[in-house]
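Me: I am new to this structure and would like to be taken through some of its features with care. Could we go step by step?

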2 protein chains.
Amino acid sequence: MSFEPASPAAPTPSDTGRFDFRVAARYAGMESSPLKDIFALAARPDLISFAGGIPDPDLFELDDVRDCYDWVLTHCGHRALQYGVSEGEVELREQAARRLSRDLVTTPDQIRVTSGSQEGLFVAAEAMLEPGDVVLVESPTYLAAVQVFAVHGARMVGVETDDGGVLPDALEAAIRTHHPKFVYLIPTFQNPTGRTMDLARRRAVADVLERTATPLVEDDPYGELRFTGDAHPPIASFGAMSAQTLLMKSMSKLMSPGVRIGWIRTEGAILDTLAVAKAAISMQSSVVDQLTVARYLETKDLDAHVAHVCAVYRERRDAMATAIAAVLPAAAHVTRPEGGMFLWASLGPAYDAQAMLADAVAAGVAYLPGWSFFAEDADHSTMRLSYVTHSPAVIADGIDRLGHVIAAHG
Amino acid sequence: MSFEPASPAAPTPSDTGRFDFRVAARYAGMESSPLKDIFALAARPDLISFAGGIPDPDLFELDDVRDCYDWVLTHCGHRALQYGVSEGEVELREQAARRLSRDLVTTPDQIRVTSGSQEGLFVAAEAMLEPGDVVLVESPTYLAAVQVFAVHGARMVGVETDDGGVLPDALEAAIRTHHPKFVYLIPTFQNPTGRTMDLARRRAVADVLERTATPLVEDDPYGELRFTGDAHPPIASFGAMSAQTLLMKSMSKLMSPGVRIGWIRTEGAILDTLAVAKAAISMQSSVVDQLTVARYLETKDLDAHVAHVCAVYRERRDAMATAIAAVLPAAAHVTRPEGGMFLWASLGPAYDAQAMLADAVAAGVAYLPGWSFFAEDADHSTMRLSYVTHSPAVIADGIDRLGHVIAAHG
């Protein structure tokens, strides 16, 4: 069992007399998408929503950002409003390379700017995937990535994980069985589980990928949001993996999701293909936003901002971890991530998190049912809970409400 | 003969020892793209380039734009830096609907925001095209649209045109022969020819499309840049075409290409598919840029700005038309558009504009050879010349240089 691209729906005769566009099979029956639904749920003001990975807007460095927009429009306004280049503006690629080089030596020409890491995933899929290709993913994994690969006709195969991430032996076996086009991993504070692969696991996974010459798409939007424990370098930094990996970074969780700026780091000829795909998809990312993010990275103290965000998030993680421990059934399992945005709870076989959601929403609390994160053999008792949006007091209130719903379904 | 998707290239063994990613067949052999090459050519400071459709940055309303960014970040900064919705921010959809309603009654929920009309074309292709589908296009047509359709596996078939645009009878015959997924037209100041379909031609084309229930992708990035003559409503405004058309608009040529904001106007269920495709591709467009463009449309006088731009462009069109008439061979044909950005010259069978380009660049002038704009039966003597970037004096200098090159190739 694995995620298949949507099968073609039979044309539906219009019962309204309206014109019916014929929709591509890969989008047939998709009137909405998991991502869109999350945002809809998160936007309801009557709800304490733990569903989205939505940063707390009170943490945005608004003055710094406004300052940077103003500087860009004052000092290089003509350039900011003009067409740019598909690779991304050089100032931003320089800043991205400088920051990445803390972990992995990177030059600006190894950077391709994208409109957030969502577009990064789409560009990567666009450049590499053919219908029928297999993509190996962690089980569970980020559902919007799965959607991007699926609309490119790929078949996702889930690889077994434990609390330390993907299992190297299972990965190697899956590679030898399925000959995947690439492997998609989120090694740090994984979405949805919050899990992190330690140094030994990273090395073992890198060994498997190198030995089997399997490309890696390494998604790292949360890595800098570490509250405790030691930071680990990306898998792209092990051995020869730097030339075999598309490493995806994003400013969404560090600075602002609204500016939609991220980048891909890789090496070699694929860089040209990524730029051509990017040109086809959107020509280039907003030049204003690119230059502003470059200015921000050059002149503002992102490390200090991230440290502040981490301190706040840590408190919220603690609040949620404490509160949820008190309301979970005895057989439940919950992660306690060292950073990032999400807890992952598995309630146990008696529970169906999807079926429970309506009662939760009625009680004024929302989470994301976990089943949709699985490529196969979904655990329907799982839920993803983001702790970053609300204060500890609101978190305690929300988990208390959730507790009553869980108890009623027990 | 017609444009086919690129055929799979044989895997090339690496001679550098570097890792070779396997690239999707649709991007194999595409180390660059026509669009990227245009931008590269346009960026050379030693060249008078007529190659790109690059607005003159001196015409940007920098103060107004900076003012709007500042207002947005001051008054709704938390929202601007936060995630938005895939459909687009409601303020921008309201402004887009208001402006579109001059020609065609439009509500905000009929608008889908895209990151420029390049992403609009990609979203449309993503939502509708299957490998093997036929797309009917004007011959010649916009080459970056052709690329977007081609990477979705479509086969482009060119429909015969005259100086008034696509021929309705030829269009109907092509529809009955090829059963296209949709027809792609640029009815006003077409790229590359600068041609405009008059009212009667629009009506005739709308009749054909309605009678054959054929969807239309109507691309209108230049329509407001009219110097002389009467404006014509979009084909989407004829009869029942409003429900059968994706009408693409862009702020790139009116306000700024660097902000990458455009929109699609349509009706019915396809609106949901467009939003889902947009979510997959890039989640949402920059919220900062969307709110800024909305503020600009609400509070600044875009009509006055466009009138100013048109006055300047008209002078430049005249300068180029006058200069080029003096240097073209007797058998040549050149368009004199009533607006937009491009002249289209056909030098006659003795000339090969591609072969001539190296000499032109050596002489310090660049244009875009026209062959790549044809889906079939390319006229290799054609060239596209943009008159919007340079002053009349520089235009005269550039065309003079071009004249010597043409004479040498005669």
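Reply: What follows are a few questions with answers on a sheet and on aromatic rings, all resting on a predicted model.

Me: Which strands stand at the edges of the open sheet in chain B?

Reply: The open sheet of chain B is built from four antiparallel strands in the order S11-S12-S15-S14. Two of these strands have a single partner strand each, so one side of each is left without a neighbour in the sheet, and these edge strands are S11 (333-334) and S14 (368-369) of chain B.

Me: Which residue of S15(B) does Leu368(B) stand opposite?

Reply: Strand S14(B) is joined by two bridges to strand S15 (residues 382-386) of chain B, and the two run antiparallel. Within S15(B), the residue that stands opposite Leu368(B) is Arg384(B).

Me: Is the pair of Phe149(B) and Tyr184(B) stacked or edge-to-face?

Reply: Over all chains the structure holds 16 aromatic pairs. In the pair of Phe149(B) and Tyr184(B), the ring centres are 5.3 Å apart and the planes stand at 75°, and planes over 60 degrees apart count as edge-to-face. Because of that angle, the pair is edge-to-face.

Me: How many residues apart in sequence are the parts that Tyr222(B) and Phe342(B) tie together?

Reply: The rings of Tyr222(B) and Phe342(B) have their centres 5.8 Å apart, and both residues are buried. Tyr222(B) lies in the loop between strands S8 (216-219) and S9 (245-250) of chain B, whereas Phe342(B) lies in strand S12 (residues 342-346) of chain B, so the pair ties together parts whose separation in sequence is 120 residues.

Methods. Residues are numbered from 1 along each chain as its sequence is written. Chains are lettered from A and ligands numbered from 1 in the order in which they are written. This is a predicted model: local features need pLDDT of at least 70, side-chain atom pairs count only at pLDDT 80 or more; totals for chains, interfaces and linings use all residues. Side-chain values use heavy atoms; hydrogens and water are left out. Two strands pair if DSSP finds at least two bridges between them. Rings of Phe, Tyr and Trp (its six-membered ring) pair if their centres lie within 6.5 Å; planes under 30 degrees apart count as stacked, over 60 as edge-to-face and the rest as tilted. Buried means under 20% relative accessible area, exposed over 50%, partly exposed in between (1.4 Å probe, protein chains only).
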